[in-house]
Structures are given as structure tokens and as C-alpha cells.
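Thanks for coming, everyone. Please look at the sequence and the structure first. Then I'll walk you through a few contacts.

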Amino acid sequence: MLSVDLLANGLIIGVLYALMAVGLSLIFGILKVVNFAHGEFYMLGSYAYTIAAASLGISPWLALPVAIAVGGLVGWLTERLLMRPLYAGYSSWGLMRDEYAVVVTFAFSILLVNLVDKVVGPYSQRGPALLDVPRMSLGPIMISGQKLAATGAGLVMIVALALALRYTLWGKQIQAVAQNRLGASLAGIDPARASSAVFSAAGALAALAGALLAPIINASPDVGAFPAVKSYVIVVLGGMGSMPGSILASLALGVLESFGAVYVSYDYRDTFGLVILILVLLVRPQGLFGERGRVV
Amino acid sequence: MARLRALASLTPWLPLAFLGVVALLPLAVTDDYWLGVLVVSMYFALISSGWNLLAGYTGQFSLAPAAFAMIGAYTTGLLCTYAGISPWLGIVAGVVAAALIGMILGRIVMRLSGPYLALTTLSFAEIARLVIANSYSFTRGDLGLNVPGLFESRTVYYYLVLGALAAVQVGLMLLLRSPAGLYLRSIRDDEVAAASRGVDVVFWKTAAFTLSTAVAGLAGALYAHFSELISPELGLITQSGLVICMVVIGGMGSLVGPLVGAFLVYVLSEVLREVGGVQLIVFALLVILFARFFREGLAGLARRAGLGKLA
């Protein structure tokens, strides 16, 4: 029965990884850049939730939307202030695109970590639980109330995002811009608005992950590094820009770590993802679901 | 045009002139603390020069420079502690280990480009740090590892690290003036065009990656015997971030840029630490502004100002 419990817990972690990875993957899909400040969206969500619920005394369920709003706002600002030059007017710097995005988002991540460290303080803070139920057993699975609530909320958001991308006008516009920026703009879609929407959504999802995990992993200025590294591994595994790929890779990594921690080594559980990543890159550099690109 | 060319041929000597000034600094700075700050600045200047070869001249963004310094530091530290070898051999071993791991990682990641490369090296850096931090029975984890020192006097250390830095600068200068330097820059400017002209892109990118990790390993190994206490914090992502700040502010793709950047950023950060620990906030803002508006860094600004006067 241990294996069922491990599988379930792996999937639970996987859902929370997916909240991070899906946003990162969408950003890559639409702008072809990696957001190295993604972990800091998580960190800000974790703090927004903790401060709203613990210090201001708002109900934890109402603190969740606060965290989502903060993440969305920061995501929007990131796109507006730092990403616009990638496609607005700078026609001559095609060569330095990737480098600009790496440097700017990496510096933005350092800026946010140290700003929070200075303003809120370097001490870690625990967020109050959403469901204050101790560990219970659902059949063979042992699970705490908080993990159950977090998984439920995470699943709802991922399904909602997937449906929105597929069926709403905004979602279709985002897909169109991801496929062909120029073509979409010829069809009357505003690529800048679609990019803003994607960054806001990605920020909101990462912040939600931070908020949901705040009662389990305390909020601290550098708490974002760990989930960010996991989601980088995931998007490469799943194929950058592929949403189903990143969801599947998230679940796979969660399960792999959960089994590996018990059967291989607990101390080195965080290294399994990298080992798999390097193996995958050797065989399929485009990831599990990525398309092989052609350089022209 | 002639004057322009004269200026361009002068630039390679700027780094050595700068190091010449650095060599004279101990005459003015006698305080042990500030001498230490300068030695750490040179540690960062070494890592920055190596990273600049990779990022500035070859166009490959690794996010793991500090992790390779950590690998160099731990290689010599562990060998001195457990095998009891001489620190000098340990330093050589640190360089070799960092270069070897860099070459293996480079073989894998240099087939990737752009974001994949940055992501994989960042994951590698974080996981290398976790492995060292979690192997406490062997490395003493976050408590830190005690490493034997080399000399009593800080001034001797100062000139040892300066000598290493000067040697690396001369090496880089010779490399960049050779055909290999041309291959590297052609890869930076257009990988596909370089490949179509017969440049073995993967080989030269791996070579640049290996060299840059070897230089980082050298920096780390020298630092280990200087500080006599090393911890996994050497490999923190923030440390790599600091290296990137130094190169971007100083000027990517210029030899003197990373040197100026390293000294400026590290000495300033010591000053700002006393003011209230705002150093990383200031540098992160500066890097965003430089990346956005002054893409060639201080070196580029200086070059533009100089050429403005000539024209």
C-alpha cells in the first residue's frame, strides 16, 4: 500500500509543480523567452497570502485571491516594463533577444528577492492552513487537509486555464499569437495584449502555487528558487511551449521524486530531475512533446 | 580610420594596464580587511573573465559560473582534508575537476541553444550546490569546510591571485587574436553562417565552455586557500547573478569590461553593505538599465565617448 500512497503524494506535488510550469511554458510559447523571475512570482504569492491571512487577519480563503491578484499584477508589470522592448520597435537587435531576456529577468529576480528581504525581512513566515485538518486516511492514502485543499484548488485552476485557452476568444487569440505573431497581428489580434494576458496569467498561477504551499513551505525571500528550478527542469522535459507536455512532465517529476526519495535516496531527491533531464537532452533535445525546430 | 584602428589595437593592452594599477594598490591599502576585499574582487574578476569568454565572445549564456568556482574550491578543499595533498596540487586538481565536469556538461548542453542552455546550466548549478550541501558527512554541508592556508601574509596572496588573473588575461588575449577567437565570435554573431563556413560549432562552443569553467575552478581553488573556510554558498545562484551583473555593467565582449565591472561592483557592494545591505538592489536595477539602454556596458560607453572626441 506504500506504493499507492507514494503515487498519490507524487501526483499531488506534480499538480503544484504544474501551476508553476504551465505559466512558464505559456510565456515561452508566446515570447520564445524564459522568465527567470518565475520563482519570484511564487515567492510574492507566498508572502501576499501569509501577510493577508496571518498579519491582516483575512480569512485564508479570501487571502488566496489576494495572492492571485498580486501575482497577476507583477506579471503584467514585468511584461509591460521589461518585455515590451523584445518586440516593440527594436527591429535591429534580433541577435541579442535571448540574451536580453535572460539578463533582464535574472536581474529582476535578484531585485525582487532583495527588495522583499529588505522590506519584509529575511525571516521565514508560516502561512495559516486553508483546511486545518490533521493527516487523515483516504483509503490507503495518508494526506493532510492542507495538501488536499491545495491540490483541489490547483487542479481547478489548471483545468480552468486549459478550458479558457481552448474555448474563449482570448484563449484563441493567445494560441494564434504563439503560433505566428505576425500572422495574428495581420488578422487583427493585438500581440501586445495577448502577451500581457499571458504574463498576468502566469504570474497569477505561480503566486497561487506560492500561496497554496505557504502553510507547508514557509514564505522567505529566497523560497522561489527551489520551485523555479523544478519548473525549469519540467518545461525542458515536457518541451517548451507545450502545455500538455508541461502538465505531464510535472506529474511525472512529482511521482519520480516521491518514489526516488523512498527507494533511492532521500538526501539526493532533488537531483533525480536533473539526471532525467540530462538523459532526455541527450536523446531528445526538443523534450518529450516539443517539436523539432528548423533554423533558417 | 587610421586613428580608429590605432585605438582598436590599443584596447587589448587596457586590461594589463588596469591590472598594473591594481598591482600598485597594496602601496596605498594596508588595511587587512580592504586587502581582503580586493582579493575577493580579483576572485570575481577571474570568474567574470571566464564567463565573458563564453557569454560575451561566444554568445552562450551559462548561468552556472559560480557553481564551477564552488566545484574548484571543494575539489582542493576535500583533497587537502582527506588525501592530505599539498594545496598547490589541490589548486591544479580544482582546475582540472572544474574543466572536466565543464567539458562533460558542455558536450551535452552545447548542442542546445538559447533558453535551453540557460535553463540546464541553472538547474545544474542549483543541484550541484544541493549535492555538496546535503553530503554533510563528507563535506560538512552548510557548516563549511576548513581548508589549509598557503601563506601567512595577505599581500603574498594578493600577488598570487593577481598573477593568476594576469596570466588568464594574456591567455584570453592570445586566444581571441588567434583563428580560434575568430571562430568563437563567428558563432556568437551567426551560428548557422559559421557552420556553413566550416566552423565546428559544437566543438568550439564546448571548448569555450570548458575554458570558462576551468577559469572559474581556478578562481574557486585560489579562494578556498585564501579564506580557509568554504561553504556551498559559493555556488548560490545569487553569486552567479553577481558575476553576470559585473560583466553586463562592465561591458560584455570586451576584455577590460569584466575586470572593471568586478572591482567596481564588489568594492561598491562592500561600501553599500555598510550603508544597509542595499547592494544587490542597486546592482540589479543597474543591470536592468544597462541591458535596456547601454547594451555595451561601461566599456561601450567609454569607447563611444572616446570615438566621439576623435570624430
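**One residue, two chains**

Leaving aside residues up to four places away in sequence, A:Val102 touches A:Phe36, B:Phe61 and B:Ala118. Contact here means that C-beta atoms, placed from the backbone, lie within 7 Å.

A word on the source. This is a predicted model, where local features need pLDDT of at least 70 and side-chain atom pairs count only at pLDDT 80 or more, while totals for chains, interfaces and linings use all residues. Residues are numbered from 1 along each chain as its sequence is written, and chains are lettered from A, ligands numbered from 1, in the order in which they are written.

Back to A:Val102. It lies in helix H4 of chain A, residues 97-119. Helices are DSSP runs of H or I, at least four residues, numbered from the N terminus. Is A:Val102 buried or exposed? Buried, because it has 25 C-beta neighbours inside 10 Å; the cut-off for buried is 20 or more other C-beta atoms within 10 Å, those atoms being placed from the backbone.

Now the chain contact. 35 residues of chain B are in contact with 38 residues of chain A. Which helix gives the largest share of chain B's side? H6(B), with 14 residues. That helix spans 114-134. Helix H12 (237-250) and helix H14 (279-293) of chain B each supply at least two residues as well. By type, chain B's side divides into 24 nonpolar, six polar and five charged residues. Nonpolar means Ala, Val, Leu, Ile, Met, Phe, Trp, Tyr, Cys and Pro; charged means Asp, Glu, Lys and Arg; the others, Gly among them, are polar.

Notes. Contact = placed C-beta atoms within 7 Å. Buried ≥ 20, exposed ≤ 12 C-beta atoms within 10 Å, placed from the backbone.
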